[in-house]
Every structure is written in C-alpha cells, then in structure tokens.
Amino acid sequence: MTNATTSRTSAGRTHRTRRVVRSLALTLAAGAVASAAVGLGQGPSLAQADPGDTFVAIGSSQIVQSEDLVSIQIKLDTETVTLNRNNDFSACIGEGNRWTDVLPGAKKPVTAAWNSRSAKNKALYESIGQAETPAVAKSYANTLLKAGVRACQGTKSPYDFHYGPTESSSVGDGYATWAVSYRGTSTKPDGGVAIIRKGDKFGIVQVSGTWGPADQMMESVAKVAVDRLR
C-alpha cells in the first residue's frame, strides 16, 4: 500500500488524494456459500458469516470523527488523515522515534490530525494500528503507555510539559488509559494523552488545549476513540 493523505473540513468537506491507494479489503474466511433457489415461493438463501471469521481491516473510519467531537463539545474543524506512513512520535516518546522503532514488528498506522482554523494552539492527534492478535495489540498498547505516558509523568519529565496521574476504564470490550497534560510546572491543565485498544486494534491520542474540565475532556476523548475501533 502506498501513502495517501486526505483533508476535510466540517463546513463543506473536501477530499484530496496525493497518491493512488489500493482499497482496504474486508476479507472473509472460507465458509458456507450462498445458494439461490429458483422456483415459486422460494427466495435466495443467504449465507451467514461467523463473526469470528470476519477480518476488519483498519481504516480512517476507525479514527475519531467530526460527530464524536461535536458530541463531546471539542471545537476542531479541520482533519488530515494519513495512511500507511511510518510517522515520528511527538510529545513524550519524542520526534525521531518512528512507529515501527518503538513498536517492533508493528504495521504502519493510520494517523489523523484535527485542528482549528480559529485557534492555532488547539489540536487532536491520533495514530492507530492493527496487530496480529488481541494479545499483541495489548502488548503494543502497554509499550505506548510506558514510553508515551509514564516516562513523562510528574514534574521530573525531561520535556517542557508533564502528565498527571493516569486513569483507566473498560469501554465495552475495549480499554482506555488517559492522563491530563501540564506545561512546565504549571498547575493549569493543557490537553492530555490517551492509550486505547480494542481487539486487535490499538493506538495513542494526544490533545493540545482544553474544552471544559480537562480530566472530563480526556475521559470523553479516550472513550469515543475506543468506541471507534472495531
């Protein structure tokens, strides 16, 4: 698969593809074949795929959407989505460390950046990946939690920001851990970070800026992000 980037706004969406990308396929394992009966009083007989036989490829529909932001009252209006790029991390893990460097063996992620045309210091960044199994996804999520959150908790953070204590919650059959962010030694929250996972999907969400109480905002962000994974 080649790289592709698309951008859209909440007011009149635009779509732009820089390179051609193969369609993400929904692959069904071999199972019963549908058979159609021909005759009066008989209609088609549709095969029912076992949910366990269905592989849902990761894609942009599994990242935070505009309706999610509206529902939790986060005012961001412009999104850029990038597929299959081995992007650098920012924040605690640090730039120069690529996704596959931090997560050896992982496939390249789907990454989204939500920004505001009226507030340049507010944004939401999300990267999600797909592992071979749920157990591997859990392991990758734990790595992101350790390197992307715990390494920068407390005022001894090596950067000009730090994260507060983490909170965790089950979200359906998924799971999220999040923390509020602070600049320097400030006690005023400014965004935060969340590590998410569900099944064989996992990822990290980073927020710059706040809308209402930061702890409630990050909990909402974390939960809607998990809800999107499938």
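The charged end of Lys 122 sits over the ring of Trp 211, 4.8 Å from the ring centre. This placement comes from a predicted model. Trp 211 also takes part in another set of contacts, as it is touched by Ile 74.

The protein chain has 230 residues, and 44% of them count as buried. Its secondary structure consists of four helices and 13 strands. Among contacts between residues at least 6 apart in sequence, 58% join residues at least 24 apart.

The largest nonpolar core has 33 residues. Within this core, the residues with the most contacts are Ile 74, Leu 124, Ile 196 and Val 221. Several elements each supply at least two residues of the core: strands β6, β7, β8, β11, β12 and β13, together with helix α4. Helix α4, residues 214-228, is among these contributors. The largest share comes from α4, with eight residues. Ile 74 illustrates the contacts made here. Setting aside residues up to four places away in sequence, Ile 74 touches Leu 69, Trp 211, Met 217 and Val 221.

Strand pairing was then traced through β8. Seven of the eight residues of β8 are buried, so this strand is largely enclosed by the rest of the structure. Strand β8 covers residues 123-130. It pairs with β7 in the antiparallel sense, over six bridges. Here Val 110 stands opposite Ile 128 of β8. Strand β8 is also joined to β13 by eight bridges, and these two strands run antiparallel. In that pairing, Glu 126 stands opposite Val 205 of β13. In a regular strand, side chains alternate between the two faces of the sheet.

Strand β10 spans residues 167-171 and strand β11 spans residues 174-183. The two pair in the antiparallel sense over five bridges. Two residues lie between the strands of the hairpin. Gly 172 takes a positive phi near 60 degrees in this hairpin.

Strand β11 also holds Arg 183. Leaving aside neighbours within four places in sequence, Arg 183 is in contact with Asp 160, Phe 161, Asp 190 and Ser 208. Arg 183 and Thr 155 are 28 residues apart along the chain. Their C-alpha atoms are separated by 9.6 Å.

Phe 161, a contact of Arg 183, also belongs to two aromatic pairs. The aromatic pairs in the structure number five. Tyr 159 and Phe 161 form a stacked pair, 5.8 Å centre to centre, with 15 degrees between the planes. Tyr 159 is partly exposed, with a relative accessible area of 38%. Phe 161 counts as buried because its relative accessibility is 13%, and the cut-off for buried is under 20%. Phe 161 and Tyr 163 form an edge-to-face pair. Their centres are 5.4 Å apart, and there are 65 degrees between the planes. Both of these residues, Phe 161 and Tyr 163, are buried. Elsewhere, Phe 89, Trp 99, Tyr 140 and Phe 202 form one aromatic cluster.

The structure holds one disulfide. It is formed by Cys 92 and Cys 152, whose sulfur atoms are 2.2 Å apart. The pair links distant parts of the chain, 60 residues apart. Cys 92 lies in the loop between β6 and α2. Cys 152 lies in the loop between α3 and β9. The torsion about the S-S bond is about 95 degrees, so the disulfide is right-handed. Both Cys 92 and Cys 152 are buried.

Methods. Residues numbered from 1 in each chain as written. Predicted model: local features only at pLDDT ≥ 70, side-chain atom pairs only at ≥ 80, totals over all residues. Heavy atoms only, no water. Pairing = 2+ DSSP bridges. Disulfide = S-S within 2.5 Å. Buried < 20%, exposed > 50% of the residue type's maximum accessible area, 1.4 Å probe, protein only. Core = buried A, V, L, I, M, F, W, Y, C linked by side-chain atoms within 4.5 Å. Contact = heavy atoms within 4.5 Å. Phe/Tyr/Trp six-rings, centres within 6.5 Å; stacked < 30°, edge-to-face > 60°. Lys NZ or Arg CZ within 6 Å of the ring centre and 35° of its normal.
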